Amino acid sequence: MKQLPLPFVFLFTVLLFSQSRVDSLESKLARTEEDTLKIKILHELYYQLENKSPEEAYRVAKEALSIGENLKKGPLHIESHNVYGDYWYSQSDFDMAIEAYRKAEMLAKEIGSIEGESNALFGLGNAFLRKGNFEKAKECHEKKLVFAEELNDRESIAGSYNSLGLISTEQGNLTEAMEYFIEASKIYREVGHLKYYSITLMSIGMVHRQLGNNDKAKHYYLESDSISILLDDELGRAYVLNNLAIISKNTNRLEEAVRYNKKALELFEKLGNKKKVGEIYYNEGSILLKKNAYRDALPAYQKSLQIALQTNDSVMIAFSNCNLGRTYLLLKDFEKAEMHLLNSSNISEEINLFPIEKDSYELLSEVYEKMGNFNKAYFSRTKYSILKDSLFTKEKRNLANEIEAKYQNEQKTKEIALLESERAFKELQLGKRINERNGIIAFSVVLLLLAGLLYNQYRVKQKTNKELRELDRLKSNFFANISHEFRTPLTLIKGPIEQLEQSPDEGLPIESIKMIRRNNNRVLQLVNQLLDLSKIDEGNLQLEKTEGDVYKCLRGAASSFNSHAAQRNIDYKVQIPHKVLWATFDRDKLEKILYNLLGNAFKFIGDGGLISFSTTYGKGELKMVISDTGMGIAAKKLPYIFDRFYQVHRGDTKDHEGSGIGLSLSKDLVELMDGTITVSSEVGKGTIFTLVIPIQKIRMGFQENIKKPYPGGDEIKTPRTSYTLERPDLRELPSVLLVEDNPDMSYFIKEQLQKNYRVQKAKNGKIGLKLAKSKSPDLIITDVMMPEMDGVELCKSLKADLDTSHIPVIMLTAKAGMENKMVGLQTGADDYLTKPFEPKELLARVENLIEQRKKLRVLFAKKEASFNPKEVTVTSIDETFLQNVLDLLEKEFWNPDFGVPQMQKALALSKAQLHRKLKALTNESPGELLRNFRLKRAAQLLSKKADTVTQIAYAVGFNNLSYFAKCFKELYGVPPSSYR
């Protein structure tokens, strides 16, 4: 909804637009033939030209109005009249503006356009306000408030409150004005409209100023000014400076008032705001008047009056005349004082400007007293008293009493004659009132019922909208998650195939082929789930029943998880009767249900937990129970776990990731079989799924009992697999620590790296952190989403620890968004790679980071006597550490008793920690670093011929001259004497 900006808000905000924008709109207008588009462009062009070129703005407004006539009273025609009114408002011709707004209001009523009528009322209210017709202005803005509330336009509601507050302020009703401004400020703050919020703060400050609360007023003005500075709003700043000047004047800080007033004048003149320039001159006169500089105040008030007359500003005309009269009174020029005060009182009375009318009569009484005209002085004082006390004078009260007594005497003569007729009339009135009351009650009941129905319809609509928004959110999450689910298997399929394309003669190892098949099946499973969901939604998914052994089908599906359980040391118990349950059932759908539920159990259980699957048959129903000792599900989330796309968020680790369709699909398939599925869970203890599916057993002619494959009974336990230790890699190659929980991805990456690097593996961040501290690898590759400790937390821990902060980190993730990449890099990661990735790219990034570390270490092989830690690493903790080492060496290199033990003690590190850190950063042990530092300082002194070789050797901490000469020659290739 269109709103006019609202400072004190009688004016449009002055906007400066570039000439290029105007040219662009005019060019677009010339190419447009359709009236609807033309008029929209003209409206935009008008607001571009409004303060820049009034003549051009008028031409554009008239052209828009002319074209609008062809649109048969449509919304754009109404808006054209509003724009035309805006032009005359900006030119201070409020009568013309009112005529245009009235036409817009009439047209809007004819076509039932609430928005158009509301815009017209807003313009009318402001125009009446500037003319001083406060009652009409209030009526317009109150009507507009009703429309804004019907449209539920919060910003427009706030605008109406603000305008009503301004009207109340002008009428002297400051309490009501404060209430309006506070309500407006609350709404603007809620909707985040800083500019209008700043304006309402200024208005609240204005009310406090008028109430004499100068400290509170200044607080609100400064708060408003801080927002104007933030928004670079010169107009807002000008208003604040104007009001600060008034406060300073009221508190007798007159020099401060002059400074504020001067700054406000400069800004308003720059913005071309003529009315406010007039107000500033008025303030200037008031300040000078308070300084007793009466003759200097006259020109300021005269400028204010001149501008007010030019802009047809009734309020300022009254103010300026009043204070000109006051000034001439002080200068004892009583005739001019009388003239201006009479003008002020007449205008104030005409526009109901209560405060100025009161002040004018008070000053007039003094003028007439000085002139010796006591009758006029008495009359003026009486008028002043009436206005001041808001009571009638004693004489008027007596007159009213006399009129009332006369009226009562006349009535008494008629009272007896009318008594009988009055009684009959009252009886008639009583009957009429009863009927009216009953009618009102009936109407009220109907109205309440209608309101209840409308409110209920509104509630239902709101609830539906909320549910639709939630569904959209869940769908968005689903598509994001399903894309992440695809990335890892696609990487593991894509990588070996590209490797085969590059080296077709070498072929692929059997493990890589199995890995491709596993991940191909995973992608196929995801696609099939999506297709099944689509068929369910369309009602096309049907059961495809065949005869077979149900128990055998369940054994086959359950056994698919045996190897996974063995790898994770999970106690996986399967209890299926060793009988034949021959029946007609849909094998594929039953397997899908079991795969989803068992896969869910394995996903949310830690290594070493317990998963149990049992099944029984009786009374024509197959009952299956799947339980686990995982983390469990909170009670408040249980009702939603079968909802489409819903996921229980327990963290950011990978073992909690999924598509959000598995359980929903399982429930749909169970219901397709006319079965039921229920769940119970307790946080920290585990979850139990119970399925009951009706199956009609078919009797067979052969023996149902079969031999148990395990002598221990019906329970089948997962066999424990034996583990073999990997042979340690003793090659002299850089070491890489790979932290990845997906076995296939871990195998694939290791296959790419192991030719050129020694690769160590860790299946989660917690294990990886321990290995990083104990093994100190040359580089770490980590996945982002992992159980127990994710990659982000691992990277933070590595970079915050002095022992590991120097190790470069590459992060791998399926989340490809820029936001996720920034999170990874901000935690200190040196590189970031999204899946699926090219193996060659991974190798190149690993090689580059390790090579960079080698180059950094070469810096310490330079022959200079000092090094700059900032050249070594960009990690702040490493920089700090090296700076501490450098400071320590500079301080103690001359001391022959200072060695590695003293270095350890000073740096508060163990021998192993100090050796590992310095070796990683400088490729030198602590002893080598100290010795070479002393030799480099000796070389400096020798090159400058600072002393003899012997004295220099002692000066840098060597006690043994021959050892000094030997070490120096090893480092520089020449003995100390020759170097000199």
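A residue is called buried when its relative accessible area is under 20%, and I would like to begin with that cut-off because serine 925, with a relative accessible area of 16%, falls on the buried side of it. Please keep in mind throughout that what we are looking at is a predicted model.

If you follow the chain to serine 925, you will find this residue in the loop that runs between α33, residues 911-922, and α34, residues 926-943. Which residues does serine 925 touch, once we leave aside those up to four places away in sequence? The contacts are with His915 and Lys919.

Let me turn now to two asparagines, each of which sits in a loop. Asparagine 292 is found between α14, which covers 274-290, and α15, which covers 294-310, and its phi is positive, at about 70 degrees, although the residue is not a glycine. Is asparagine 292 buried or exposed? With a relative accessible area of 51%, asparagine 292 counts as exposed, since the word is used for values over 50%.

Asparagine 312 belongs to the loop between α15 and α16, the latter spanning 314-330, and here phi is near 60 degrees, again a positive value in a residue other than glycine. Its relative accessible area is 33%, so asparagine 312 is described as partly exposed.

Finally, a word on the cysteines. A disulfide is a covalent bond that joins the sulfur atoms of two cysteines. How many disulfides does the structure hold? The count is 0. Cysteine 140, at 5% relative accessibility, is buried, and cysteine 553, with a relative accessible area of 2%, is buried as well.

Technical notes. Residues numbered from 1 in each chain as written. Predicted model: local features only at pLDDT ≥ 70, side-chain atom pairs only at ≥ 80, totals over all residues. Heavy atoms only, no water. Helix = DSSP H or I, 4+ residues; strand = E, 2+ residues; numbered from the N terminus. Buried < 20%, exposed > 50% of the residue type's maximum accessible area, 1.4 Å probe, protein only. Contact = heavy atoms within 4.5 Å. Disulfide = S-S within 2.5 Å.
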